[in-house]
Each structure stands twice: as structure tokens, then as C-alpha cells.
Amino acid sequence: MNRFAYVRADSTAAAFRDAADPAARFIAGGTNLLDLMKYDVERPSRLVDISRLPGLDGIEPTASGGLRIGALVTNSRAAVAAEVTEHYPMLASALLAGASPQLRNAATTGGNLLQRTRCMYFYDPATPCNKRQPGSGCGALDGVNRNHAILGASEHCIATHPSDMCVALAALEAVVHVTGPNGDRTIAFADFHRLPGDEPQRDTTLAHSEIITAVELPPQGYAGHSTYLKLRDRHSYAFALVSVAAALALDAGGISTARVALGGVAHKPWRDPQAEALLVGQAPTEAAFRRCADALLHGAQGHGGNDFKIALAHDAIVRALTQAAAGTPQSQTDKRIA
Amino acid sequence: MSAALEVPADRPFRHVGQPRSRVDGRLKVTGGARYAAEFDAPNLLHGVAVPASIARGRIRRIDTEAAVAVPGVVHIYTHGNRPPIPASDQDYQDAVAPPGKPFRPLFNDQILFSGQPVALVVAETLDAATYAASLVRVDAEAEPHETNLERNRFAAYVPPEKRSGIAPPPETRGFPDAAFNVAPVQIRNEYHVESEHHNPMEPHASTAIWEGDGRLTVYDKIQGVMNSHAYITGIFGLDADQVHVLSPFVGGAFGSGLRPQYQLFLAVMATLDLKRSVRVVLSREQMFTIGYRPETINSIALGANADGTLRALKHSAIARTSTFEDYQEVVVNWSNLLYRCENVGLDYKLVKLDTDTPCDMRAPGAPLGVFAIETAMDELAYAVKRDPLELRTQNFADTDEIEGKPFSTRSLREACRQGAEKFGWSGRPFEPRSMREGKELIGWGMATGIWEAMMTPHTARACLTADGKLEVGTATADIGTGTYTMLTQVAADALGLPMEAVTARLGDSRLPKAPVEGGSWTTASAGTAVHLACRKVADTLLGHARRMPGSPFANTSLDHVTFADGRIVLRADPSKAMTLTEVMQAAGVPQVEAEETAEPDPAMKQQFSSYTHSAVFAEVRVDEQLGVVRLTRIVSAVAAGRIVNPKTARSQIIGGVVFGVGMALHEESMLDHRLGRFMNHNLAEYHVPSAADIPDIDVLFVDEVDERLNPLGVKGLGEIGIVGTAAAIGNAIFHATGKRLRHLPMTLERVRG
């Protein structure tokens, strides 16, 4: 770990000023950043602590009937808040599927969006990684890549985004509220995380001095027909090999809206509106779910160690949609898969 | 050991055999138990090792300029500027080193494995040392390396020099090839187990305290202080009394603490050179550079009659080792120790690869070979349509066919019977895929386990003082196994004292000599040594009592008295009794002290073979479509001689079973062969089982006392818990799904096939 300065910001204005240096980093829960510093992956000149900024820790209904979750709300608090569990159970479930209770107690809503990949090459400065050191090559492409991307990857990077919460947020079409030296703006969730392309060092579209202030959920929470299914190497405290957030709105004509987001398979939570559209107007049958899975995984490509993920993702999508349609969401405490 | 000192058959144990809480439990949960990195010293310096990032090559230059400039950095050692150290390999040998040339830290410019320490940064603070270490630039010329076992298996060789204490495979008996070829039923497959790392919670650490005049006190994470002591004095040319090594508590080791690791060398080197105390702690990443359970490919060929009787048994194994040491363990012999067969061919080979040397890891060798044979036996059972347990029972060896000796005790069949009963095995449908609940297939599998019951020379001291307090000590360790508690029980019983009156001391090189705590031998060996020392104290006390005027004990020997409730009591007339304190006061002695050595009885060893056994039964539920396995039940029935403390013993077996679950389902050290580097070197990516992966584990101990082995009749428990577990789980997955998995760990994609 390098030597760094530490300051605590009392206001966003102060935070912007303190973080003007491109090598400065904001810190809130620090559950990922401190790890990265210990591994010398991040070497910030200064940590600007934004964990005490006022007004960012509320969970409040919005005028349109949605919910606004402040950026400093911890993952453990969001996971049990009645507004979340009642109206957005898929989000609560995804939160509980992630990390450990200790980490969830420290991790924040805003920080969760900014988690960096768990690619082993990214974490190991002795190895090549374009995300850590642009131009050094991708160690994982022909290396140990069991946990890597099958969708949307590039020759420069096959890392995956590790968050569970973000997969549910993608399916819910959340909106990210940010503030920066140039004022406030909102970012649609689908636009927040990037695909690696030839700039894998950039995970998101957030600018350097910008701060996430809240995540806003639209009114539709799919409370009756949604699920978060996470498949991993052990039953707790492991990143997803594949995860699926699936949400359906059903009416007399069958499926009226479908949302399917995948985790563990791409550089960002993966959605494909065209694949979802295939379900609209259909009866919730396995055949329909399979067609959706086929479309979602169209173009999926393995890299050796992760070849298995393509078929696994297919089966997981079908299972998650089955759970969502039946209204039998996956429990995160009973490890039996519904 | 003389007959007079043995446990009188009619004297009941008061503490031995009873569930007792750990005597050090309170210290451990309150932070009172201090570990190697927690000891402090005035002006303590901190050392951080800098690792090489290539697997093989030569160092051209080490650039320390930026690192030296970090405020607080005191010195940076490399092979170029280190103090003189011996060149001879012999000086770096340790008590458990395999044949070969031990790694010599900072010796020269050669890089032998990725992660090898090539520099040590010493600074006033840990932060400064850590930061400076990250600034050291190693310019090295890479040479071609090989780390892929599968690709290099053609280069496998029989190790020319055998490792001490490791039985090589026996000569071929009968005609295994011919017998296999004509056998009506043939099973022939490969069984592959990936490398694993120990990952104890406590990282390796050494705090070397400069005492002046070239004297050192060293707190080391080690499973035996004598090993560290001999290593340091040998390399650095110190007299035995100049170095005092202590390791009072060890936060898990599982074999990784048997050999002195490089942080010890580095800390001592820097301390002697700087004449200041230095602590070196390994990072979790560096914990992946000090040895591992070697990836092993087993090949098994079983030939059998139509009823499943074995006619041919062939088991060969190919395992990784480093380029500089021939690490060896017992992998294949277990097959014939479990099963009777006239035609047996066993062999064991190594492949030299560019990693650090593998190192003993809980039951070294056994779970690798037993996974193979116990999976193959399950396959044989299905080939001949026999119940897998019945098929095993039919083929169990009742003598040691390798050594041609009877077993001192062998309760394997009883372990199987009791385990099966507890599990409900008789209700098991034979056909795979015959139990289902919802989306899950349910499977029941079993396997046996085996480990050698060993005893090694241990010396112990016992000292009873006039205040009725007894202190016992021996230089072995308590690596979390409960040694302190066990010795306290043994000592208390030997002199009829309450456990509260006894203090056990361990992990101190000034205590009577003992080897490393390993091999499951400590209760049998250290327990016996403490027992003998205490009984000698008893004998001396009785001598004093006999000589007292008008003594009721005149003309008595130990056979005529019991020691109970702090008193010597005449058996023939229990009203005749004296407290130990009275005896000592009357004799005018402030303390009674004795030292005794326990050794295996050579006649017994010549006559008998001794093993511990287990029968492991597992229930799994498999979501076949997704490949998700849930382990829902485990019964481990263990036959391991007398159980000194059923409470800590149960913990030992549970820990072993969890280790086995990890081996079965989770643990794998992943190598990038292009880089020659273990990649998942942290606890987020190296998966040990989480609590959610572990079901209720039912441990039962078969009633067995092996008095041929030692007066306490104990065998040992450290390893047996892991041994059959992976095979039992694999066999259960087969029973659930009909899919036979021969590659560990059985991760989701392997279960999906």
C-alpha cells in the first residue's frame, strides 16, 4: 500500500475540490478500494472520505411512486428496508446474495455500483492486465478465465462486473443520480457501466470528480413475479459464475413486460431488450423462456475455462424466469434452488 | 517403559475419556493467547519480503533506489548484499525436509519459483516496509519453465532417495497385469486431484528479538520449536543456548508449519545483522509460496471376479514436486492396506516442475489415494451390482499384506457397521437416480478412510510443587488441536489431581525435546511421555511416603495405591491415605520432578501394524439441471483407539471433514502455466467451504483401546477426519445423478459434465 493523504469532506463542494487531483479517490465503505490499495492496484494520492456527506443516507419514496435510495445507505440497510423488501424484493434478494454480512454492513449503495472486477490478473500487479495497466495485455484471455465474460468482451479485456445488486438494478431500470463540479445529472442504469472495448480501464461513465448521490427506482418493482438467482462455487461468499435477475408483468394475455439481467457474464450487468421483447405477449412457458435465453446468449463466446458458462447461463435464465412466473422467488437463506 | 509405570487396568480415568473444554479456550477467545506476530520488542523493525514474479530465471538487477528513499526504511537485503550465509545444502535441512536441496533464501541470483522472496525490506514501521517493498523493481531474465503436470507426466520418475518416514510402494506381489487381463470384471480409470493450499487463518510470522551478545528470542509460527531452533542455529552458526524459540500458540497450520518457512530465515538474518529485533509476517498472497498439497494423478486398475472379489489391484500415482526437492508422501499404499488381493502393483512417481516444493497438508497423500481407490471400489460395486459397503466389507484386508503383519487393532468393520447404522444406510436403494425431491436428486455415498497410527520419541517433564500444583511440559506444539487440554487431562489423572491444579507448557525450545506436532502422533507420544513423567513423580512420592515413620504405605508399590483427589490412597484400605502435600512436607522436599521419554516399542512395531480407520457416509442433493450440489448430511465413524477428550476429538473430526468437503467441492489452487504462477492467491478466490456449505456432521467414535501401541491406548485423530470424505461425497453424487466424477474439486461445471 502506498502513502496517501486522507481528508474528510463535509460538503460535496469540498469533496470536488479535495478530489481535483486525478490520482485522488473518493472513499465511502471502502470494502473494495482498501483491498485494491493493499494489492497495489490502486495507489491514490489522497482519499477523500465522503461517508459523512449530509443528506445521502435516506430511503424515500419519489413523487412518481418510485423509491430513492441514498448513495450512503449501506447494503445491509437497503436489504431489509420495508420499502425495498415489499416493493422491490428482487433487489433485496440480490443484496443478500452478495458478499458477507460484515461487508454488507460497510458497503454503500453508491460504492456497490463502483466495485471493480474480481479478475485475478487485475488483482495481481505481477501479471499483465489492460484494465490495471493499459497496454500490458489481457492475462485472462488465454489464462485462468473460469470466472470471465462470455458476452460483450473484447480482445483487450474479458473481465466481469462482480456486483449482485447492480444486476437487479439493471433489471429494474434504475436511474443513477450524480453530482459533480458541473452540476447534477442522471444516468440511465444501462448507460452507467461500460463494455471494455479498447478502454477497459474505464468501468463506468462517471467522470472523475462526480459523486453518486442516489439510485432511483421506478414505481414498477415486479414484486409478485421476480427473482434473483445466483450460481456460484460455494453457497455463500463467492462471486457469481452466473446470476439472473428476472422480472415479469403478467396479465390475461400472458407476459406484458419482461426484464432479464445477467450477472457474472459481462463487463456490466447484461440485458438485451430484444430478447426480453420475445417474451411479450407469450404465455410463460419453458419454450418461451428458452427462446429468450437463446436470444440473450446470442453471440456468447467462451475462452476455455469459462466455456461452461454459456450453457449454464441458458439453464439459469430458464430457471429464473420459471421462478418469476410462478411467483416463487429464490430464497437467499434456503440454498435449495426453487 | 517398565510395566510398573503402566496404567493399572482397574484404575478408572477421571479426566481421560471425558469431554473437557479447552483449558486455553478463554485465552483464545479473549485475545490472551498470543501468536508469533503479536509479540513485541523495543525498537522492533518490520521486514517485508519482495517476491519474484517469474517462475524460473536469473536476477539481473534489483533496483532499490525508490524503496530506500521511503522514510523509515533501514535496510534492503538482496542476494547481492546479504550477510554471509552457508552455501551447503546440508545446513538448510530441517527435521521434515524431503530429499534434495532445500530452498536458500537470498542465496544467489537464481529464481526457482514464482513468489520466491528475492529481497527483504526492513523499516521502522510495517507501513513503510510494505510500501517500500512495492517499489523494489526486480529485473530478471526469464528462462523457460514448466508447471503443467499433465503435459509433463511423461517425465515422471521414481524418486531415487526416499523421504524419511514415508513408506515407498512395496514390491509388486503376484501378477497384477496378468490377473487384471483375465479378470471377468475390470475397472480402469484415472483420478485427478488438483493442488490445494493450507490457508490457516494465522499467516506465517516470525518475531526475532535481539537480546544482545548474539542471543535471540524467536517467536515463530511452527509446529515444532525444535525444528526452528536447529534450523537457525545450523544456518547462522549459533550455539544452542544462544537461541530460544517459542511458539506457544499456532493459529492453524495443517502441515504448513512443519518446516521452518522463509520468514524465519529472513527475520533472524536481519536481526543478527542489524542487532535489532525484526518481525517478518507473510501476506496472504505469500502464503501461496510456502508449499501446498501437490496435484496428483492416480491410475487405478481393479480386476475382480463376478462377485466382486478382487483379483488384481493396481494403483499408481504421479505427483508434482519442485525442481529442487523430491517431496514425497504415501499415496498408493492405502489401497492394499484397505483391501486384500493376491496380485498387487503399486507405484508412485514424481514430476519436477517450476514451483515451490509441495508440503505436507493434513493427512498428506492419504485423501489423494483414498479418493481414487474408494471411488474405484464404488465403481466396482456398480459393475457387479453389489451394495458398495457390502462389496468393501467382502474385500477388506484383515492383515497388513504389505508388511505381512497383523494389525494391533483394526476396527474398520465396526466403524462401517456403526456409521451405516447411524446413517440409515440399509434403507438405501441400490440404483442411482432413485431418490428425488422436487428438482433435486438425492444420493447416498460412503467411503472408508485410513491413516497410520504413529508414535515418535517425545520427552516430557513433570514437576509437582508443595502447593499441590503440577506443571508438565514438552517442546511439541498445540496447533489448535487441543494438546494443552489433552496433556492436562493425562497429567491430572496420572497423579489424581484436578485439572485446575495442572499447567501444561508447550512450544518452547527449552522444554524437553519433542518433534513437530504432525502425523497424528502427538496424543500417543506426548500424552504417553507426560503420563510416564507423572507416574515417575508418583513413584517418587510413594517412595517418600513409604519412608515416613509408621507409614501405611511401607512395602507398597504403585500397584498397591491409587492417586485420587490429591491423595495417595491404599487400595486395600482406602481409609489409609495421605495428601501429596503432606508427603512432600514430611519428606522436606519443595518439589518432585521427573523427566521421561516415550518411544514406540520396537518389538511391537516389528510384530504389528497400526492404523486408524473411518467410515464416512454422505448425503447430497443435486440440482442436476444447474449442477448445484448441496451436502445435507455427513456421518463420520472413527476408530482411533482411546479417545482422550471426546469434545476436542469431535472438533478435530469435524474440522477434518470440513477439510474433506473443501477438497471434494471447492478447493483448487489455479496455476497459470504461461506465468508459472498460482493465480487465486487470496481467500476470496481460493474457496474454502463457507458455513452455508457445511451440514450437520455426525461424529461417532468406535470403542477401541489399543494397549499394544502405548499405555494410554490412543492412536491419533488429526488426519483421519479428512481422508474418506471426498470419495464419500463423490460416490453420493454418483448415486444421485448416475454421473461418475473422477476429478477434484467437483465444481459445478464438472457436475454438469
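Axes are lines fitted to C-alpha atoms, for helices over the stretch in contact, and angles run from 0 to 180 degrees between N-to-C directions. In this predicted model, the axes of helix H5 (residues 89-97) of chain A and helix H9 (residues 165-172) of chain A come within 7 Å and cross at roughly 165°. Because angles over 145 degrees count as roughly antiparallel, H5(A) is roughly antiparallel to H9(A). Their crossing is right-handed. From H5(A), the contact is made by Met90(A), Leu91(A), Ala94(A) and Leu95(A), and from H9(A) by Met165(A), Ala168(A), Leu169(A), Ala171(A) and Leu172(A). These residues divide into 9 nonpolar, no polar and no charged.

## Helix pairs of chain B

Two packed helices are described by the angle between their axes and the distance between the axes. Two pairs in chain B can be read in this way.

On the side of H5(B), the contact is made by Ser228(B), Tyr231(B), Ile232(B), Ile235(B) and Phe236(B); on the side of H6(B), by Leu264(B), Phe265(B), Val268(B), Met269(B) and Leu272(B). The residues of this contact divide into 9 nonpolar, 1 polar and no charged.

The second pair is formed by helix H8 (residues 366-383) and helix H17 (residues 725-737) of chain B, whose axes come within 8 Å and cross at roughly 30°. Angles under 35 degrees count as roughly parallel, and H8(B) and H17(B) are therefore roughly parallel to each other. The crossing of H8(B) and H17(B) is right-handed. In H8(B), the residues Val370(B), Phe371(B), Glu374(B), Thr375(B), Asp378(B) and Tyr382(B) meet Ala726(B), Ala727(B), Asn731(B), Phe734(B) and His735(B) in H17(B). This contact divides into 6 nonpolar, 3 polar and 2 charged residues.

| Helix pair | Axes | Angle |
|---|---|---|
| H5(A) and H9(A) | within 7 Å | roughly 165° |
| H8(B) and H17(B) | within 8 Å | roughly 30° |

## Sheets

Strands of a sheet pair through backbone hydrogen bonds, either parallel or antiparallel. Both sheets described here can be followed strand by strand.

In chain A, 5 strands form an open sheet in the order E4-E5-E8-E6-E7, and the pairing is antiparallel. Its edge strands are strand E4 (59-61) and strand E7 (183-188) of chain A, each of which pairs on one side only. The twist averages 25° from one strand to the next. E4(A) and strand E5 (residues 67-70) of chain A pair in the antiparallel sense over 3 bridges. Within this pairing, Glu60(A) stands opposite Arg68(A) in E5(A).

In chain B, an open sheet of 3 strands has the order E22-E23-E24, with antiparallel pairing. Strand E22 (561-564) and strand E24 (577-579) of chain B each have a single partner strand, so one side of each is left without a neighbour in the sheet. The twist averages 20° from one strand to the next. E22(B) and strand E23 (residues 567-570) of chain B pair in the antiparallel sense over 4 bridges. The bridge partner of Phe563(B) is Ile568(B), in E23(B). Helix H12(B) packs on the sheet and touches E22 and E23 of chain B; its direction makes about 115° with that of E22(B).

## Two backbone features of chain B

The loop between strand E21 (502-505) and helix H12 (522-547) of chain B contains Ser520(B). Phi of Ser520(B) is near 65°, a positive value in a residue other than glycine.

A cis peptide bond joins Leu744(B) and Pro745(B), with omega about 0°. Pro745(B) is placed in the loop between strand E31 (743-744) and helix H18 (748-752) of chain B.

## Domains

Chain A is divided into domain 1 (5-52) and domain 2 (227-325). The C-alpha centres of these domains of chain A lie 36 Å apart.

Chain B is divided into domain 1 (3-33 + 455-599) and domain 2 (365-454 + 601-753). The C-alpha centres of domain 1 and domain 2 of chain B lie 36 Å apart. Across the boundary, 29 residues of domain 1 of chain B are in contact with 24 residues of domain 2 of chain B.

Note on methods: Residues are numbered from 1 along each chain as its sequence is written. Chains are lettered from A and ligands numbered from 1 in the order in which they are written. This is a predicted model: local features need pLDDT of at least 70, side-chain atom pairs count only at pLDDT 80 or more; totals for chains, interfaces and linings use all residues. Side-chain values use heavy atoms; hydrogens and water are left out. Angles under 35 degrees count as roughly parallel, over 145 as roughly antiparallel, 65 to 115 as roughly perpendicular and the rest as oblique. A crossing is left-handed if the near helix is turned anticlockwise from the far one by less than a right angle, and right-handed if clockwise. Contact means heavy atoms within 4.5 Å. Ala, Val, Leu, Ile, Met, Phe, Trp, Tyr, Cys and Pro count as nonpolar, Asp, Glu, Lys and Arg as charged, and the others, Gly among them, as polar. Two strands pair if DSSP finds at least two bridges between them. Domain bounds come from an automatic or database domain assignment.
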